[in-house]
Amino acid sequence: MSFLRTTDQIKIEFAFNCARNASVLGKEYKSYVKKLPMLIKTNGLGAAFAFMYSKRSKEEGKFWNSIGRDIYNWLNYRNMINSDKVRSFDELVFAISQISSVEYRKITSEVLSFLSWLKRFADGLIEGD
């Protein structure tokens, strides 16, 4: 009997592990995860990533850095970025401006899909509003 899993199943497991690992950051993490999809839909992926990058050394940076690292790791796992050239979320912020519009839309869709699962699991695993 073969055990094949769909990409969505793998994404669900990946998002669950990310949310579980980030649960130590507390309920504020959950609110940042909830904000990001709307930030992307309103301003675009590049602008949202630039916003996250701008906050990396501030008080809220630990939340954005965690989310950014999870996004980078997911895109890297899915081979959607060239990991030889892009080795971190910080590098992904710049690299996103260098890709074609087709790739940009594909990555935006994948990031939003990943965040929908991450948001659900963060909501379930982390108490508080």
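## A lysine in helix α2

Setting aside neighbours within four places in sequence, lysine 30 is in contact (heavy atoms within 4.5 Å) with Ala122, Asp123, Ile126, Glu127, Gly128 and Asp129. Lysine 30 belongs to helix α2, which covers residues 27-43. Helices here are DSSP runs of H or I with at least four residues, numbered from the N terminus. With a relative accessible area of 3%, lysine 30 counts as buried, a word that stands for under 20% relative accessible area (1.4 Å probe, protein chains only).

## About the model

This is a predicted model, in which local features need pLDDT of at least 70 and side-chain atom pairs count only at pLDDT 80 or more, while totals for chains, interfaces and linings use all residues. Residues are numbered from 1 along each chain as its sequence is written, and side-chain values use heavy atoms, leaving out hydrogens and water.

## The buried face of α3

Now let's turn to helix α3, residues 45-54, where Leu45, Ala48, Phe49 and Met52 are buried. Seen down the axis of α3, these buried residues fall within an arc of 100°, so they line one face of the helix; the arc is taken from the directions from the helix axis to the C-beta atoms. The cover over them includes α2, α4 (61-77), α5 (89-95) and α6 (101-125).

## The nonpolar core

Which residues have the most contacts inside the largest nonpolar core? They are Phe49 and Ile67, in a core of 37 residues. Such a core is a set of buried Ala, Val, Leu, Ile, Met, Phe, Trp, Tyr and Cys residues joined through side-chain atoms within 4.5 Å. Two or more residues of this core come from each of α1 (7-22), α2, α3, α4, α5 and α6.

Not counting residues up to four places away in sequence, phenylalanine 49 touches Ile71, Phe89, Leu92, Val93, Ile96 and Val111.

## Where α3 meets α4

Helices α3 and α4 pack at an angle of about 135°, with their axes 9 Å apart. Axes are lines fitted to C-alpha atoms over the stretch in contact, and angles run from 0 to 180 degrees between N-to-C directions. In this pairing, Phe49, Phe51 and Met52 of α3 meet Trp64, Ile67, Gly68 and Ile71 of α4.

## A serine in α4

Apart from neighbours within four places in sequence, serine 66 is in contact with Ala22, Leu25 and Tyr29.

Terms used: Buried < 20%, exposed > 50% of the residue type's maximum accessible area, 1.4 Å probe, protein only.
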